[in-house]
Amino acid sequence: MVKCIKSLLLFVFVKMQFIEIVNKIIKLEGGFVNDRDDLGGETKFGISKRSFPEYDIPNLTIDTAIELYKEYYWKPSKASKLPKDIIGQYFDMVVNLGQGNAVKTLQKAINGSTKNKIAVDGRIGNQTIDAAQGLDPMRLAAYRIKYYTDIISKNPIQEKFYFGWFMRALKWK
């Protein structure tokens, strides 16, 4: 009975955590945008035409966006298994950078803070999850910002998004 109650409480906590984080992401992303320099193309609530070409992005509802976040971002990201003080930052990175790049950024941040290095392979497994324990959230934000500067170095047109990306990284501390 106690084990069942603990499982139920954990399920409720994870669901509440997801809703809180995804609502913040939707607020940060805003409504419909179609900036020709945005590599995602048409975007609404952070859901891009590039990632979901089968959806009518201008008419996307918040409920549909939340379901897409849950199925295609939250579940595969394994965000709920990470330390609570980096879950929001990490999940926002999964949405904004793509999961592979988000995981590589997390892995680089971990390697920058410890002598015990892990593979930077873009896969979120037990080794990365375990190594993330105790990672300073500001270190993760710093490595995220570095990721953005690397994008700009390769594609200077993207610099117009830099300040927004920078501020977004700092909102999760």
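Helices α6 and α7 run roughly antiparallel to each other, because their angle is over 145 degrees, the cut-off for that term. The structure is a predicted model, in which local features need pLDDT of at least 70, side-chain atom pairs count only at pLDDT 80 or more, and totals for chains, interfaces and linings use all residues. Residues are numbered from 1 along each chain as its sequence is written, and side-chain values use heavy atoms, with hydrogens and water left out.

The axes of α6 (residues 137–154) and α7 (residues 162–170) come within 9 Å and cross at roughly 165°. Axes are lines fitted to C-alpha atoms, for helices over the stretch in contact, and angles run from 0 to 180 degrees between N-to-C directions. Helices (H or I, at least four residues) and strands (E, at least two) are DSSP runs, numbered from the N terminus. The crossing of α6 past α7 is right-handed; a crossing has this hand if the near helix is turned clockwise from the far one by less than a right angle, and is left-handed if anticlockwise. On the α6 side, the contact (heavy atoms within 4.5 Å) is made by M138, A141, R144, I145, Y148, T149, I151 and I152, and on the α7 side by Y162, W165, F166, R168, A169 and L170. By class, this contact of α6 with α7 has 11 nonpolar, 1 polar and 2 charged residues. Here Ala, Val, Leu, Ile, Met, Phe, Trp, Tyr, Cys and Pro count as nonpolar, Asp, Glu, Lys and Arg as charged, and the others, Gly among them, as polar.

Within α7, W165, R168 and A169 are buried, a term for under 20% relative accessible area, with exposed meaning over 50% and partly exposed in between (1.4 Å probe, protein chains only). These residues lie on the same side of α7, because they cover an arc of only 100° around the axis. The arc is that of the directions from the helix axis to the C-beta atoms.

The axes of α3 (84–97) and α6 come within 9 Å and cross at roughly 15°. Helix α3 is therefore roughly parallel to α6, a term for angles under 35 degrees. The crossing of α3 and α6 is left-handed. Among the residues in this contact are D85, Y90 and M93 of α3 and L140, R144 and Y148 of α6. By class, the contact has 9 nonpolar, 2 polar and 3 charged residues.

Helix α4 (residues 99–111) packs with α6 at an angle of about 125°, with their axes 9 Å apart. Helix α4 passes α6 in a right-handed crossing. The contact is made by N101, T105, L106, K108 and A109 of α4 and R139, L140, Y143, R144 and Y147 of α6.

L60 is placed in the loop between β2 (47–48) and α2 (62–77) and is buried, with a relative accessible area of 5%. Not counting residues up to four places away in sequence, L60 touches K44, F45, I47, Y55, A65 and L68. F45 is found in the loop between β1 (43–44) and β2 and is buried at 11%. Most residues other than glycine have a negative phi. F45, however, has a positive phi of about 55°, and phi of K78 is near 60°. K78 lies in the loop between α2 and α3 and counts as partly exposed at 32% relative accessibility.

Notes
Angles under 35 degrees count as roughly parallel, over 145 as roughly antiparallel, 65 to 115 as roughly perpendicular and the rest as oblique.
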